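Okay, thanks for coming, everyone.

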Amino acid sequence: MAKNKDSVGCWNSREIIDTPPTEIVEENVFIDENFLKNKELIRIDLNLIQFPIFSKNTHRKVNQIVKYYFNKSRDTYITVTPQAGDYIPGEMEEKVFIALMQLMKEREMRRKIIISSVDLRDKLKMKTGAYLEILSKALSRLSSTNYTFKNTLYSSEIKGVLERKIETSIFNITTISLNEKKNIRYREIYKDKRIKVIYEIEFSEHFYNNSATRFVMKSYDMLKVA
């Protein structure tokens, strides 16, 4: 804790938060480059490829950036960068994302959806009473993580991979308190007085229009059938 004297002679304190230094981890992910270059193959088989949007590593570190390379020339990659002082998304965030995809599908695949933590809790079949804190943290991590796609983001418009570097988050999120009078109109959507907070989620253009949501949604449907 550092202290200093202000211009009127009063002492105040500044809290210095010590966070670990940024670390970049590089991983090679081997995928047949035909999938990334041949538009016809991509159109048919893209959903067979699971890009590492979420980490399976149970030993993730704070401020750890992970860069996945998909070819030997290292010009095809995905970089996942967490918010300062946080981790990249993991398995919990993946589950929340898949639940969001299902909720989006139920809402006619609208880019912007309004949900409550109860909606997510029910989709995830969570039993813990701490679900609000867990889901709030997962949503924050999903919205604050930055993804860089280089020659890896599929475009449904051109029916192929965008051959450029794109930086994007998954979605933007607005937390809405139902206790505030200005938000009273949302009570028409959520009449349950026990629900105090809801979330307005707007997916980024690239995640909404391109491969990410479609891929995860198909994966979810396949899991239901299995």
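The axes here are lines fitted to C-alpha atoms, for helices over the stretch in contact, and angles run from 0 to 180 degrees between N-to-C directions. Helices (H or I, at least four residues) and strands (E, at least two) are DSSP runs, numbered from the N terminus.

Also, keep in mind that this is a predicted model: local features need pLDDT of at least 70, side-chain atom pairs count only at pLDDT 80 or more, and totals for chains, interfaces and linings use all residues. Residues are numbered from 1 along each chain as its sequence is written, and side-chain values use heavy atoms, with hydrogens and water left out.

So, how do H3 and H5 sit relative to each other? They are roughly perpendicular: the axes of H3, residues 91-106, and H5, residues 131-144, cross at roughly 85 degrees and come within 9 Å. On the H3 side, the contact (heavy atoms within 4.5 Å) uses Met 92, Glu 93, Val 96, Phe 97 and Leu 100. H5 brings Ile 134, Leu 135, Ala 138, Leu 139, Arg 141 and Leu 142. Sort those residues and you get nine nonpolar, no polar and two charged. For that sorting, Ala, Val, Leu, Ile, Met, Phe, Trp, Tyr, Cys and Pro are nonpolar, Asp, Glu, Lys and Arg are charged, and the others, Gly among them, are polar.

By salt bridge I mean a side-chain nitrogen of Lys or Arg within 4 Å of a carboxyl oxygen of Asp or Glu. The whole structure has 12 of them.

Here's one I like: Glu 94 with Lys 56, at 2.4 Å, N to O. Glu 94 is in H3 and Lys 56 is in the loop between helix H2 (39-45) and strand S4 (64-69), so the pair ties together parts 38 residues apart in sequence. Is Glu 94 buried or exposed? It's buried, at 14% relative accessibility, while Lys 56 is partly exposed at 48%. The cut-offs are under 20% relative accessible area for buried, over 50% for exposed, and partly exposed in between (1.4 Å probe, protein chains only).

Last one: Arg 194 pairs with Asp 192 at 3.0 Å, N to O. Arg 194 is exposed at 70%, and Asp 192 is partly exposed at 30%.

Definitions and conventions: Parallel < 35°, antiparallel > 145°, perpendicular 65-115°, else oblique.
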